[in-house]
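Let's take a friendly walk through a protein model together. Have a look at it before reading on.

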Amino acid sequence: MERLMQVRSERHQVAREWKRQTGKKVIGVFCCDVPEELIYAAGMLPVRILGSHEEATEGDLHFPTNVCPYPKSCLDQALKGHYDYLDGVVVPNVCDMIRAMYGAWKLNAGIPYVHFLEVPQRISPHGVEFFRQALVQFQGLLEEISGNSISSESLRDAIDVYNRNRSLLREACELRGKRLLSGVELQEMVISSMLMPKEEHNQLMSLYLEEVRQRSPATDGVRIFISASMLDDTDFLELIEECGGSIVADDMPMGSRYFFHSVDSAEEPLLALAQRYLNRIPCPRKMLPQDRYHYIQETMAGFDVQGAIIHNLKACDCHLYEYPYLKEKLEAQGLPVLFFRGEETEAELETQRDDIEAFIEMLRG
Amino acid sequence: MVSSTSAKKQLWTTLEVPALRKKYYAESLGKAGGQKVAWCSNGVPSEILDAMDINAVYVENYATVCASKRLSSGFCRAGERAGFSQDVCGYARILMGYLLGGDDVPEAPYGGLAKPDFLVVNSYSCDSRVGWFATMSHTLNIPLYVIDSPYQPLGGCTEVANAVYTESQLEDFVHFLEQQTGTKLDRGKLREKVELARRANDIQVDIYDMRKAVPSPMGAGDAYTVVWPGMYMAGTKECDEFYERLRAEISERIEKKIGIVPEEKFRLLWSGLPLWYNMALLNYFEDFGGVVSIENLYFRYEKSLPSQHEDPLKDMAISSTLRRPYASDIEQRAQLTLEVIREYHVDGVILAYNPSCRMMYILQPELKNILDRHGIPNLSLECDMADERTYSEGQIKTRLDAFIERMLSRRGEGK
Amino acid sequence: MIVAGIDIGSSTSKAVLMDSDKVLCYSIVTTGAESVKSAQLVLDEALNAVNARRHEISYIVATGYGRVIVPFAQDTVTELTCHARGANWLFPSARTILDMGGQDCKAIRCDEAGRLLNFMMNDKCAAGTGRFLELMARVLGIPLDKLGELSLEAHNDVKINTTCAVFAKSEVTSLVRDGKDKRDVLAGLHSAIAGRVYNMLRGVGIEPDLVITGGIGKNIGVVRKIEERVGMKVLIPEEPQIVGALGAALFARDSSTVKEERNGELDKCQEATLDHS
């Protein structure tokens, strides 16, 4: 576990070191919609772009006040030089603010390649075909950056490695549901998986899960489901678990949305990727709330959830519109809901503690 | 608070619009009960709905009507009571307020809207819209159809793939409409509508081109009004004839050198949405010799492509790959803005920061950076386009006055 | 000749009287609910200081938020143009001016003659304005005019990430409740403000010398943090609040055609005269 935590906290050094040792290239990606398998198959390392709690002094020169703080913080980190090792950045069409990252990085970040990956906003057979076309474009670019051509075999290998990772994370998710593993630990696993070579992560995960299976389940925490627009570190989850919550299920980009579904390895690889990435647990941008709710129920099933915490970053339109619906449905299911509108600053965590403590007390009854 | 609200209209043809709009809403409300009613977002092709004899109601336009009648505060408040955050699009809050009502909700303009049977939204401009329509679909318990538009043209997909996908979306849309109405789309009838809409588009492109003239033959005060028929009556003879008259009037003004002010001292570009509850701000510069001579929100850059296919949907899909002023990324937006500045002899730019219109708002600071690098004077005005509670007369006027002082000082006439 | 500049701000109204080459006196009053009365009051106070009467003033220029409601002004000029002119007259080397007033915060660039070249103002966010500091002073229970000095006694600046008034309020409340030293919290707040205004200054381009005007110029804590952030010494007028009114008076002097010699009466208020160097 220390190694996984270290990967997250020293992610820039880890990527730089990998680059130095292998002589290969590193590609930054936003969100769960970029098929990392293609980057892997081209012999490059995909890393998720994360923000920071730091004041976005540079980001503020490029975006106004009332926007989602996460992408702004990512840009801020790039402008401060923390992402200077990236050879390329992939910006998928996932929401207004993320797609604005395309121009912002292209104009200001000084990174050789910035690619816009088209993603349909509606899930349909035509959408899958359209996304597959977009992946053809994307593959061409990756071949250009890496100098390697991506063969069907290499892509199938990549899919196998990634599916293996997904099944390990799903197992961890099961163990979390049984409270052998904390919500924070799973989050560390997911985030580190986004930042390091997948085979290495698979090895560490196998060893680690071996240990976890020997544990005896925690019994005291209140079982919480969490839905979040974007929590790119573990601080908020730590706060919940410190306050006596025990996260057993989630709907988060740095959680189930990343690993819940696998790629069909029997299908033609590009088509299989297109299908999987559109049919994973979607963020609210891609699906109407009534349709998305099935996925949420699926993630919660069997874990005897007692209460729900929803954390949306401010000005995240997709989640803000969905929130009233989600609240209504969860409450109808008998789950009390606690809502936060986040700013992504460290200091706000302290202001959230009281609410969480009170909520957990209430759930304990 | 706000003293005067509507913009001063200088052209005779512009004065026809309020009556057209009133008639349009009255007809929509008075239509026979058998006709299906679709509440639509902008970007939903009215030609298709018209050809299928569906009563299309464009609710964003209705939100601007409510705002321009100074009713936004009441509607927005009601929308917020329903759980909508103030971060959320002002148009959405107004409509949700209209739908959910309450004791303090103002009387609806034009007697309200026809009750919808289903909803249609186009995803092309922003996330907010789709979320808003999904909420209405849930509240009203009626179906919603989402027409997905590629975020072209950023190189994410080829033009062909974009057109193919768009066509598939239109086909699915027609299929949805056929299910809702129980009738088949008459593609011959659609072809007629598309041809008419094409003509209206081309005349509007001409008009934009003519507005490069000095002195400015038509300012933004008129322009934000005259876009209305093109947006909501496209595909009708009335619409085409309106733009023909407008083009003739503008041409006459150019010939006779009739401008907006006696002596044009500086020309401005208004970038972003206007403040619908205070359109008079567009005329504010005129006492000082300034004219908002061009605005780029509803800009029409390109004439229609010739029809190539028997199936009008195919042509419509291909036309959707034409340049659009909004929903574009910052590089494109900056490039188009700089082009307009050059071609329309613009001296300065007003950058409207409409916080609840996220898509416009998020790109403005970068546009400002780019204008600064090109040495083009610009003013950032933060104010919502619909929610007039965000308007502060003193703060806005100070910014406008200082900007005017700066523009005049560049001419050596300032303090 | 006497000319007057009147600056009706959102929290205070200021008047400056000048003759052909120097400031005669100034006055500052709180802007009341009726701005017209405040304008009369502040001008009368200044006139009293030099025993002069309204009709002796040959030209009056009004500026500030309430400039349009000053009934006796012959002309109005915005406070941006006035601050540029006023600051540049006090410090001829001034090229960048940061005016931190009650309602707005403005970064201004001027040329060697004090002409307005460019400006940027805060958005809806209140950071960097008097009303933000007033709110924080209330939350902390410290008088507004003590904030600056107290913050200089801080040992460990608390990091405050938000300058959004709404969020800062809850942040500050919880920091104080958690037993953080108020002086450290204050220093953190001042740093956060400095961060915000620094970006506005970068928006117009910082060219030395930098002058801070407006009421917050009296808060030494904020000024120090801005100096740290910008990496240069900041010039502060003796009375930073009257720079807008001073600029207005300078414009009034330009416009005035009446040239009367009234030197005899003016010696009385020499102590109020600002240093022109």
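Two strands count as paired if DSSP finds at least two bridges between them. Keep that in mind as we look at this predicted model.

**A sheet in chain A**

With that rule in hand, we can describe an open sheet of four strands in chain A, with the order β6-β5-β7-β8 and parallel pairing. Which strands are the edge strands? They are β6 and β8 of chain A, each of which pairs on one side only. On average, neighbouring strands of this sheet are turned by 25° against each other, direction ignored.

| Element | Residues |
|---|---|
| β5(A) | 222–228 |
| β6(A) | 245–251 |
| β7(A) | 307–313 |
| β8(A) | 337–342 |

Now zoom in on β5(A) and β7(A), which pair in the parallel sense over five bridges. Here I226(A) stands opposite I309(A), a residue of β7(A). A helix joins the picture too: α14 of chain A, residues 317–332, packs on the sheet and touches β5, β7 and β8 of chain A. The direction of α14(A) makes about 175° with that of β7(A).

**Where the chains meet**

Next, turn to the two chains together. On one side there are 40 residues of chain B, in contact with 41 residues of chain A. Among the elements of chain B that give two or more residues to this side are α6 (127–140), β4 (144–147) and α7 (159–181). Which element gives the most? That is α6(B), with seven residues.

Technical notes
Residues are numbered from 1 along each chain as its sequence is written. Chains are lettered from A and ligands numbered from 1 in the order in which they are written. This is a predicted model: local features need pLDDT of at least 70, side-chain atom pairs count only at pLDDT 80 or more; totals for chains, interfaces and linings use all residues. Two residues are in contact if their C-beta atoms, placed from the backbone, lie within 7 Å. Axes are lines fitted to C-alpha atoms, for helices over the stretch in contact, and angles run from 0 to 180 degrees between N-to-C directions.
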